[in-house]
Amino acid sequence: MRKPMSSYLWAVGMQTSLLAFCALYLPRSSVLQEITFLDGEEPISEALSPLEALTRRPTLTLLALCLGTLSLQTWWSDWLRRWWIDSIIEGAEEVKRREKKFLTRKRLLALTRVYGALILVSLGVYLVLILLGAPIRSLAVKTYLLALLISILTFLPPAYLFGPPSFRGDSASLVKRWTWVRLFAELSSRNPIERALVYPAVGTVIGSWLGIIAIPLDWDRPWQAWPLTPAYGAIIGYILSSITALTANSIDLVQSQNTNTTELPDKPRQ
Amino acid sequence: MAAAYRLVTITWIFLAHLAGIYIFTRGFLLMRLSLTDISSCGSNCILEPTHSRAVVLIIDALRFDFVSPNPPSPASPHHHNILTLPHKLTKRYPAHSFLFDSHADPPTTTLQRIKGLTTGSLPTFMDIGNNLGASSITEDSLMVQLQRAGKKAAFMGDDTWMSVFPDSFQPNMTYPYDSFNVEDLHTVDEAVITHIFPLLEDETKPFDFLIGHFLGVDHVGHRFGPDHPIMKDKLQQMNDVLERVVEKLDDDTLLVLLGDHGMDRSGDHGGDSILETSAALWIYSKGDPLTDIRMPIPQDLLKYRIFPGASVEHRAVQQIDLLPTLSLLLGLPIPFNNLGTVIPELFRRGDLLERALRYNAEQIQGFLSTYRASPSGGELDDSWDNLQKAWSAANTAAGFTDFNRQVLAACRTMWAQFNATLMGMGLVLFVVSLAASWALYVGLSSAKSNSKEWLQRNTPLYLMAGCGGGVAGFFFSLVAKLFPSILEGVATTDYIIFGLTFSSGLAIIYISPPIAGLPSISFSSILMILHAAAFLSNSFTVWEDSIIPFFAVSSIIPYVLKGFTAPTSRLQYRIVCFSVIFAICVRLMSISTVCREEQQSFCHVTFYASSSLTVPPTPAVVMAVPTALALPWIIKLYPSISLSDKGIARIYYPIILTPSILGGALYWILEWVDTISAFGDDWSPTIRIIRTWAARTSIGWALFAGGALWFAIPLCVNITVKQLNNKKQVQVIGYGNAFGSPYLIFWSIFLAIIYATTQAPGQLVLALGTVALLSYLEVVDSVRDVQSMTNAFATATPSAILNGPSRNAHISLTFSDTIPIALLAIHAFYTTGHQSTIPSIQWKTAFLLTPTVQYPWSAITVFLNSLGPLFLFALAVPLLALWNQSPQQHNPQDPAANVKNDVTLAAISMMTYYGTLLLGTSIGAAVLRRHLMVWKIFAPRFMAGALGVLAVDLGVLLGVAVGVNRILWYVQKVFKGMNVGEEAKKKH
């Protein structure tokens with residue numbers, strides 16, 4: 001009846017291919033190419049090679065990446081959240097339905113709060129990028145867009161799932177905080193959903209870290225412009241580690257089916 | 001005794017580095033003493049000039065086969081038989097036109113070739129002389145002789161000439177153009193063409209000597225390689241230019257066309273392959289014939305060689321032969337340092353040939369005697385007798401030529417050849433010493449509390465193996481003498497040094513296989529490997545100063561993550577906050593930079609007011625005094641966290657460190673005042689006296705007063721004895737950091753000294769670096785606390801944590817704990833206004849202690865300024881092991897056993913890091929010795945790497961031998977037998 005694994009496979013396949021589309025095609029869309037107020041350049045009427053179109057105006061490319069990944073990650077977070085809810089609620093069919101309804105009630109409000117937190121986090125990532133050596137006085141918009149992109153890829157899904165970490169003293173906040181610490185400081189994931197959150201986040205950070213390496217080379221290529229390589233490194237890292245998480249989850253599933261203990265949580269009906 | 005073994009271990013690594021550097025450098029770095037004598041001999045060494053003027057055209061990278069009448073077969077359609085004018089004219093006028101295959105001495109780079117062409121000497125990496133920093137030459141040269149004869153020189157083309165001869169050309173006839181833009185194929189050539197013809201056509205004959213240096217062929221080679229249609233167009237253009245020049249030439253002007261070097265198959269150059277060293281040389285006299293074809297010429301004066309792939313041999317000369325030839329043809333004396341021999345064909349008239357060769361040989365003998373009498377004369381030991389025999393035998397043309405060539409060969413072996421055997425031996429030693437230091441680390445860290453026994457057992461073993469290797473090396477050298485051709489230039493001492501180091505290193509590796517430690521490679525170790533691998537790329541080497549802060553901040557990330565997982569919020573807060581302080585300090589430090597030449601257009605100089613004005617920027621001067629006042633206070637804050645700012649710390653920080661740091665700041669403020677002459681020049685001598693004494697007092701006060709105080713009482717605790725219930729209660733405040741706090745005082749003595757040798761912006765950097773260092777120590781300490789709490793929670797009796805540190809609870813130092821400090825050290829080196837280039841040495845600091853250059857003080861201060869940051873942070877490495885560690889109460893025999901082992905581990909880790917960098921730089925330099933940029937990028941980075949590892953080794957050695965040993969001895973003496981169990985206060 002339900003095919004949880006195949007639907008997870010479908011979702012990851014969808015997400016990674018859309019992400020690749022975002023990275024390779026979206027910045028080249030004709031609407032964006034018309035925009036002239038960023039980077040202060042006139043639009044070029046003659047045909048550009050795909051690479052030229054992607055690298056000619058880094059700010060625009062980054063902006064397109066951010067917009068694309070933002071909508072994609074919102075959808076992905078929602079998908080994950082429904083998977084998560086399915087996995088945690090138990091009981092009879094009727095109870096489940098009610099519980100689920102209760103949990104998915106204020107989605108819009110939750111989303112607004114997550115977007116608010118996203119802006120704060122992206123500012124934090126911006127400061128980290130500065131500490132890591134991003135220029136202070138120049139290229140601020142470009143650096144911020146990179147910070148935003150990284151935050152969208154890493155922070156948005158877990159924040160939507162668990163809620164952004166809060167610093168209140170009540171026990172719910174404490175548990176939430178420790179979940180965040182366990183996932184993103186200890187990097188330990190206990191179930192497939194957590195793995196689908198942690199692996200891509202780590203992959204994104206490693207990818208963008210490695211992306212820096214290409215910048216100092218004296219090849220004088222337009223794609224070496226800040227911050228294209230860390231941005232694309234982040235996306236490549238995300239895609240690869242998302243697939244790694246999928247593989248690890250599949251192996252887990254096969255193993256658990258062999259030992260017949262737990263099952264991969266169901267995927268909600270579309 | 002154990003302490004001695006630990007020192008032996010560290011000293012062994014130091015000596016192994018030294019041995020490797022010595023042997024590698026002997027094979028790699030070519031040095032020569034440049035003599036400043038000028039040839040002047042009235043009429044006894046000059047000939048009647050045949051031409052009063054000369055036009056020298058240089059086509060950069062014009063390989064011989066580009067102009068050869070018999071190019072290799074199959075001939076390339078893109079570069080053969082295109083520039084045909086030289087061989088056409090040679091065929092038509094054999095008495096006027098001469099075409100040679102000339103051998104350019106490697107390194108075949110333009111700067112070195114220009115020096116070679118004008119001085120007639122062999123190029124080396126460094127000409128030791130008075131002008132170490134500048135590339136301009138003070139030696140006798142063609143340009144000097146032209147000037148002395150009152151001849152006017154014109155110049156157009158490659159601006160490298162301007163850096164070598166900044167004021168030898170007539171300003172109104174000088175047209176230099178940027179040579180760095182390899183992408184630009186035409187600008188320089190077009191400019192030369194634009195400027196040369198008006199000068200040639202000018203009836204007033206404004207110049208006597210003209211140099212035109214074309215760059216297009218070289219740039220096409222670099223960018224497209226020689227087999228590209230653009231090369232054909234370029235050579236065609238050159239041929240057209242030559243035709244026009246020959247047409248405009250008057251009869252009294254000699255035309256010389258040459259390539260300064262060749263190019264390899266892919267169009268690059270710099271190395272010593274035949275394609276790179278074979279350059280074209282064409283000499284053409286439009287007026288009188290230079291050679292009398294009927295006159296006989298001894299055949300053994302003429303050498304021939306076959307260009308690779310060609311079928312016919314061609315007349316071959318040395319490129320430096322042009323210099324004596326040109327000098328005598330123009331009626332000038334041959335420059336003093338020349339080693340070339342006049343080209344016989346051009347003096348084949350009457351008795352000219354023998355006279356020319358006699359003057360030439362006399363000049364070379366004069367040079368040889370002067371060099372022999374110089375401090376570097378010992379280099380000639382091996383060849384001197386044979387050369388003098390040849391000199392006394394020389395009295396014919398053939399004899400003189402023979403003598404000249406023997407001298408050239410002797411000098412070449414002396415200066416201008418990479419010795420692959422020695423380089424290979426050096427590399428082997430680098431690898432062995434690195435593997436051995438890692439093996440020592442693994443052995444000591446796995447021996448843990450038995451490390452004392454481990455050292456006692458193994459140290460004699462590897463030392464004996466070393467002695468055995470030394471003896472074997474000696475015997476091998478005797479055997480090697482039988483095969484001189486294979487192992488040329490390797491001396492007996494090289495074999496012995498190699499044998500000693502190699503076999504003791506192997507013994508260490510055998511005793512403790514380093515493979516065992518490989519699984520512990522962490523993220524930070526990957527940073528180290530990436531850092532060392534970066535030296536295989538010119539871009540990464542050039543941008544190393546930007547990569548390091550990126551790595552340094554990255555290296556703190558694992559600690560931050562650890563901090564989030566800390567079980568108490570206090571530890572969380574401490575770890576995260578101190579990590580952030582570390583990162584902020586590192587980031588602020590990286591604002592300060594002196595850009596190196598290759599970084600231009602992407603880099604903005606902030607260390608000086610501007611790239612052409614080497615005074616400190618005003619904000620740095622304004623902040624100098626506040627920083628100097630704040631720094632000792634901030635340093636003292638850190639031990640005060642553990643209440644260990646007691647004892648001598650109360651006297652030391654306010655009375656010794658503060659005035660000393662302030663004195664250092666004052667010196668550079670006054671230096672700035674002097675450079676902007678704020679009070680006018682009258683005050684200059686007074687200011688000079690004040691600042692000399694400010695520096696002397698600053699350094700003297702820190703070293704002698706601080707050193708004496710520290711040496712007398714290296715302890716920062718308060719001990720109070722109370723009588724309580726008939727029991728004596730001893731309260732020790734500051735016990736928790738009993739080792740770390742006094743070591744910090746020891747360290748800050750050297751901080752003060754190096755602070756004074758550092759220019760104002762660098763002082764801010766050092767202050768930030770100090771804060772970063774101390775914050776990092778707190779981070780490591782807190783993470784260690786987290787670790788021991790986690791360990792305690794994992795045991796059956798978590799409450800054991802309340803019992804204080806026990807034997808098993810000791811958390812040992814890890815290798816990656818040293819890496820942030822290693823990165824901080826090299827970061828401090830770059831941000832205190834240095835680069836891995838020779839011109840970035842801050843010569844200003846030579847005048848710190850004395851108003852004029854005085855040895856050894858000037859040399860010492862320059863060294864302290866350049867290598868001080870590395871030394872300083874290496875000296876700080878024992879702090880990692882000492883910071884917030886209290887003497888162990890349960891082990892009254894040796895309360896510092898754990899600390900001792902950790903100190904050794906930290907020291908070895910630091911040396912391993914820099915040993916890895918040394919290996920990286922030396923492999924980069926050795927593998928890329930044919931690279932275009934070897935003398936600009938890789939060789940200087942190797943030198944910086946070699947000096948850096950030695951500075952680090954010495955820092956570590958001094959720290960362990962003096963700092964740690966003295967403190968441990970004293971602490972042991974004070975606390976031995978004192979029951980401090982319950983009363984000890986350790987403030988967390």
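1. Chain A–chain B interface. In this predicted model, 15 residues of chain B are in contact with 11 residues of chain A. On the chain B side, helix 19 (538-542), helix 20 (544-564) and helix 21 (569-589) each supply at least two residues. Helix 20 of chain B gives the most, with 7 residues. By class, the side of chain B that touches chain A has 9 nonpolar, 5 polar and 1 charged residues.

2. Domains of chain B. The domain assignment gives domain 1 (1-30 + 418-520), domain 2 (51-126 + 134-204 + 215-254 + 261-294 + 303-341), domain 3 (350-415) and domain 4 (521-975).

3. Domain 1 against domain 4. In chain B, the centres of these two domains, taken over C-alpha atoms, are 29 Å apart. Their contact takes 34 residues from domain 1 and 32 residues from domain 4. Helix 1 (2-28) and helix 15 (420-447) of chain B each supply at least two residues of the domain 1 side. Helix 1 of chain B gives the most to that side, with 14 residues. The domain 1 side divides into 21 nonpolar, 11 polar and 2 charged residues.

4. A helix pair in chain B. Helix 22 (residues 618-641) and helix 23 (residues 649-675) of chain B pack at an angle of about 160 degrees, with axes 9 Å apart. Angles over 145 degrees count as roughly antiparallel, so helix 22 and helix 23 of chain B are roughly antiparallel to each other. Their crossing is right-handed. Contact residues include Leu629(B), Pro632(B) and Lys636(B) of helix 22, and Tyr653(B), Trp668(B) and Trp672(B) of helix 23. The contact has 18 nonpolar, 1 polar and 1 charged residues.

Note on methods
Residues numbered from 1 in each chain as written. Chains lettered and ligands numbered in written order. Predicted model: local features only at pLDDT ≥ 70, side-chain atom pairs only at ≥ 80, totals over all residues. Axes fitted to C-alpha atoms, helices over the stretch in contact; angles between N-to-C directions. Helix = DSSP H or I, 4+ residues; strand = E, 2+ residues; numbered from the N terminus. Parallel < 35°, antiparallel > 145°, perpendicular 65-115°, else oblique. Left-handed = near helix turned anticlockwise from the far one by under 90°. Contact = placed C-beta atoms within 7 Å. Nonpolar A, V, L, I, M, F, W, Y, C, P; charged D, E, K, R; others polar. Domains from an automatic or database assignment.
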